[in-house]
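Student: I am new to this structure. Could you show me how to read its features, one at a time?

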Amino acid sequence: MAAPMGTSFQKKTRSKLTQIAGTRASMHNNQLLVSTGVPSLDSVIGGGLAIGTVLLIEEDVYGSYGRILLQYIMAEGVVNKHSILLASASTQPTDLLKDLPEPILDDPGGGLSTEESPVSSSDGDGKMKIAWRYQNLPKVQMQGYAAKFGNYYDLTKSMNPEKIEAVPKKLFYLPEENIQQNNGAMNSSYEKLLGCIKFYIEQEQFETNASPLQRKILRIGIHSLGSPLWGEEMVGLHHTSTPHRSTYDSSLPQFLYGLRSLLRSAYATCVITMPTHLFQDEAFLKRVEILCDTVVNIDSFVGSDKEKNPVYKEYHGLFKIKKLPCLNSLVQPMPDSLDLAFKLRRKKFSIEKLHLPPELSETVSRSQEDPILPRGTAGCGMGQSKLDF
């Protein structure tokens, strides 16, 4: 009897990703993700920060909320023992690390106390109440992830300095760097920072083709890139001889292009805060946004008419998503809603769907009165009387 012939059929399986602490695979494109430290931010940008990408945070006018988000992302790196490269031209990187928030490890609900909860428990406080079954639902849809990813942080407490010191880090403070002016196409400050990032990636073996004993993640944070302290001119005017040519040079776009080329072949991710409100040339700003993978804008209500508008009294500003990454896919993941706002509570920063309050005033005039049945029309009642069932 002849032996049965074997089959060449093999079940196709998804390739396994490298298991690294503080990472997970994206359910959309199998890309490796790390958390930003703000779960609501993770959900609206596709599940987290993708490895090898650049996140651009367009700062508010005063730059306070952009700095808070940057500290959240660095704090999440410290908790997961990721390496950190922090650069700044205005604030000492050590001061930024000193103010990292303390993680909340015993409260998975985000550290909200009773008085901070948006749902009131008393009857006479004048706030609206919702059904008890909806009280614990997330403010933003969590994109189908079931496992816990990321941590919550308490902004009223600072992280233990011993935790920060235990993490490998590289600090870049522009005033303390030996910057030599050159006649190249790129700004000397940007060229120095790009060289520092490249050297640290190669030295610590974060490249994808490297073979370290243990694979690690590098988180790069750049504070207020593109400000005048980096040597960027914020005039945005046009030359008189060539009226359609902007006075901005190409140093910043060249830096972003070089940065992305480094990150694409490394286990690293970069977060940049930028005062884009200082740029007057919309074409130049659009060029900068194209060279980043994810772009979000923080529109604070501080100093604007919306600050005193009762419609926005529950929020501190609008959170706008201007670009989402499109990696290993033809389309990018989109959140349920793009109408987002943020609020800064006493203990945490959160992003929620923008819900305008209903109009419950007793003085609101009705658009029309009850309908009156005309004479001769079939119905219950006769003459000009109102309908009465």
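Tutor: Start with one pair. In β12, the residue that bridges to Asn297 is Lys320. Keep in mind that this is a predicted model.

Student: Which strands does that pair belong to, and how do they run?

Tutor: First the general idea. Strands of a sheet pair through backbone hydrogen bonds, in a parallel or an antiparallel way. Here, β11 (residues 294–300) and β12 (residues 317–323) run antiparallel. They are joined by 6 bridges.

Student: What is the order of the strands in the sheet?

Tutor: The sheet is open and has 9 strands, in the order β8-β5-β9-β10-β4-β11-β12-β13-β14. The pairing is mixed. The edges are β8 (169–173) and β14 (349–353). Each has a single partner strand, so one side of each lacks a neighbour in the sheet. On average, neighbouring strands are turned by 20° against each other, direction ignored.

Student: Which helices pack on this sheet?

Tutor: One is α2. It touches several strands, including β4 (54–58), β5 (83–88), β9 (218–223) and β14. The direction of α2 makes about 160° with that of β9. Another is α6 (residues 251–263), which touches β4, β9 and β10. The direction of α6 makes about 160° with that of β10.

Student: How do I check the length of α2?

Tutor: Count 1.5 Å a residue. Helix α2 has 16 residues, 64–79, so it should span 22 Å. Its end C-alpha atoms are 23 Å apart, which agrees. Just after α2, Lys81 takes a positive phi of about 60°.

Student: Is α2 mostly covered or mostly open?

Tutor: Mostly covered. Of its 16 residues, 13 are buried.

Student: Which way do the side chains of β9 point?

Tutor: In a regular strand, side chains alternate between the two faces of the sheet. In β9, Leu218, Ile220 and Ile222 point one way. Arg219, Gly221 and His223 point the other way. All of these are buried.

Student: How does β9 pair with β5 and with β10?

Tutor: Both pairings are parallel. β5 and β9 share 6 bridges, and Ser83 stands opposite Leu218. β9 and β10 share 5 bridges, and Gly221 has Val271 as its bridge partner in β10.

Student: How many disulfides are there?

Tutor: The count is 0. Take Cys270: the nearest cysteine sulfur, that of Cys292, is 8.4 Å away. Cys270 has 0% relative accessibility, so it counts as buried. Cys326, at 38%, counts as partly exposed.

Student: How many salt bridges does the whole structure have?

Tutor: Side chains of opposite charge can pair when their charged atoms come close. A search here finds 10 salt bridges. In one of them, Lys163 and Glu102 have their closest N and O atoms 3.6 Å apart. Lys163 lies in helix α4 and Glu102 in strand β6, so the pair ties together parts 61 residues apart in sequence.

Student: Where do Arg260 and Asp293 lie?

Tutor: Arg260 is in helix α6, and Asp293 is in the loop between α7 (282–290) and β11. They are 33 residues apart. Their closest N and O atoms are 3.1 Å apart, and they form a salt bridge. Asp293 is buried, at 5% relative accessible area.

Student: Are Glu352 and Lys343 buried or exposed?

Tutor: Glu352 is buried at 8%, and Lys343 is buried at 7%. The two form a salt bridge, with closest N and O atoms 3.5 Å apart. Elsewhere, Glu58, Glu289 and Lys322 are linked in a salt-bridge network.

Conventions:
Residues numbered from 1 in each chain as written. Predicted model: local features only at pLDDT ≥ 70, side-chain atom pairs only at ≥ 80, totals over all residues. Heavy atoms only, no water. Helix = DSSP H or I, 4+ residues; strand = E, 2+ residues; numbered from the N terminus. Expected span 1.5 Å × (residues − 1). Buried < 20%, exposed > 50% of the residue type's maximum accessible area, 1.4 Å probe, protein only. Pairing = 2+ DSSP bridges. Axes fitted to C-alpha atoms, helices over the stretch in contact; angles between N-to-C directions. Contact = heavy atoms within 4.5 Å. Disulfide = S-S within 2.5 Å. Salt bridge = Lys/Arg side-chain N within 4 Å of Asp/Glu carboxyl O.
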